[in-house]
Amino acid sequence: MPAGGVRGRGKPSGGRRLRWDEFFRSVESGPPVGIYAFCGPEGFLKREALAAMKRALLGDASAAQGRERYAVDSFRLGESHVGDILSAASQAGLFGGDRMVWVEGLERFGRLGQKEREAWLQLAAGKPPNPVILESAQTSRELARRSKTLAAFLSAVTVVDFWQLFPQRAATWVRKRGERLGLRIASDAADLIVRQLGTDLLVLAAEIEKIALLHGEGRLAASDLRTLARRGALGSAWGCVEDIVAGNLAASVDGLVGVRGEESAFSFGWKLSHALSRQLTEGRGGTGFGAPGAPSPPGRPRGGRPLSVAEKNLLGRLLWGCYQWERRLKTGAWSGAHDFTALDGTVLAHLERARSRGGTS
């Protein structure tokens, strides 16, 4: 039996609504019980929440003995047979439950047949031996508006909201993440990383690991990041995004070639979308590493210049193109094998539009 104890000792989890940080504290105080709805767009925190649930179920004694594995059965709502899902949730081993059940596609709950919905509601009213997690990228508020049956189901389970972090909270997360890797990230460096990359924790985690390898253990200040960037050690993506936003045609084309060998198309697409959103929100040119008032690097625009209406229209059209690129790939309209080719085409079309209007160098 897992060292976390018999699940029957816990309290049913239905009818609660927790923030992600409240959920982490709750599993630290005892093993998870019942059915959970993981709602919201922050996927990295959901993975960490799943790992925290495993640790809580195994208990400290098992972790000390090296028992880190805990079975997770994965299903998709509306595609997997509901009987298989409910069976995995309800069947316990000889010495107690030994698995968790992960079900994607919670937003499809309203499409289930009446008998299937009733079976789920009946399961939620009880306390299955194995914890069940139903996941959706949509927020709990969006899900509750989809149908009355889905709203009723959410009211019977524990809802955990995984919102994307605000920049200040993301910067705090960056510093804590760095501590795990031996980095003492200064506040100005954490703010700069979030400003450059946005608040997607998966992107931030990958970048922090890269910086830790390049910089080594110790204190990391904003000046250290700028040094790494000037040396090109942080890769082509950071500079390439700046060149695209600034309309530097030749540098953008060269940068796109380098980016292909360094990271995934979705990672680069996220960085570009974030930079474009920030430019349009702030309404001012300049995206670089320099501190306010500092000279811009050669070939980069000086910060602080208000964007013209034409520039806003161009950047907005590119941002919309990035959204369309991501949507078409995720829906299967475009082949995933050509993700970078499609993104290159989106960017080059923007640069050509800017060049024809005299907006590129």
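Me: Which residue is the bridge partner of F38 in β5?
Reply: The partner of F38 in β5 is E135. Strands here are DSSP runs of E of at least two residues, helices are runs of H or I of at least four residues, and both are numbered from the N terminus.

Me: How many bridges join β2 to β5, and do they run parallel or antiparallel?
Reply: Five bridges join β2 to β5 (residues 132–136), and the two strands run parallel. Two strands count as paired if DSSP finds at least two bridges between them.

Me: What about β6: how many bridges join β2 to that strand?
Reply: Four bridges join β2 to β6 (residues 158–161), again in a parallel arrangement. Within this pairing, A37 stands opposite V159 of β6.

Me: Is β2 enclosed or open?
Reply: Strand β2 (residues 35–39) is largely enclosed by the rest of the structure, because five of its five residues are buried. Buried means under 20% relative accessible area, exposed means over 50%, and partly exposed lies in between, with a 1.4 Å probe and protein chains only.

Me: Which residues lie on each side of β2?
Reply: I35, A37 and C39 are on one side, Y36 and F38 are on the other, and all of them are buried, which leaves both faces covered. In a regular strand the side chains alternate between the two faces of the sheet.

Me: Before we go on, what kind of model is this?
Reply: It is a predicted model, in which local features need pLDDT of at least 70 and side-chain atom pairs count only at pLDDT 80 or more, while totals for chains, interfaces and linings use all residues. Residues are numbered from 1 along each chain as its sequence is written, and side-chain values use heavy atoms, with hydrogens and water left out.

Me: What is the average pLDDT of the chain?
Reply: The average is 81, and 83% of the residues score at least 70; pLDDT is the predictor's confidence in each residue, from 0 to 100. Over residues 1–12 the pLDDT stays under 50, and the model has 33 contacts for them beyond four places in sequence. Residues 289–303 also have a pLDDT below 50, with 25 contacts beyond near neighbours in sequence. A contact means heavy atoms within 4.5 Å.

Me: How many helices and strands does the chain have?
Reply: The chain has 15 helices and eight strands. Of its 361 residues, 45% are buried.

Me: Which residues line the second largest cavity?
Reply: The lining consists of Q196, L197, A237, W238, V241 and K271. Helices α8 (187–197) and α11 (236–246) each give two or more residues to it, and α11 provides the largest share, three residues. About 40 Å³ of space lies in this cavity, a volume being the space filled by probe spheres set on grid points joined across faces, edges and corners.

Conventions
On a 1 Å grid over the protein atoms alone, a cavity is a set of points where a 1.4 Å probe fits but cannot get out, and a pocket is an open set with protein on both sides within 12 Å along at least five of seven lines; lining residues have an atom within 4 Å of a point.
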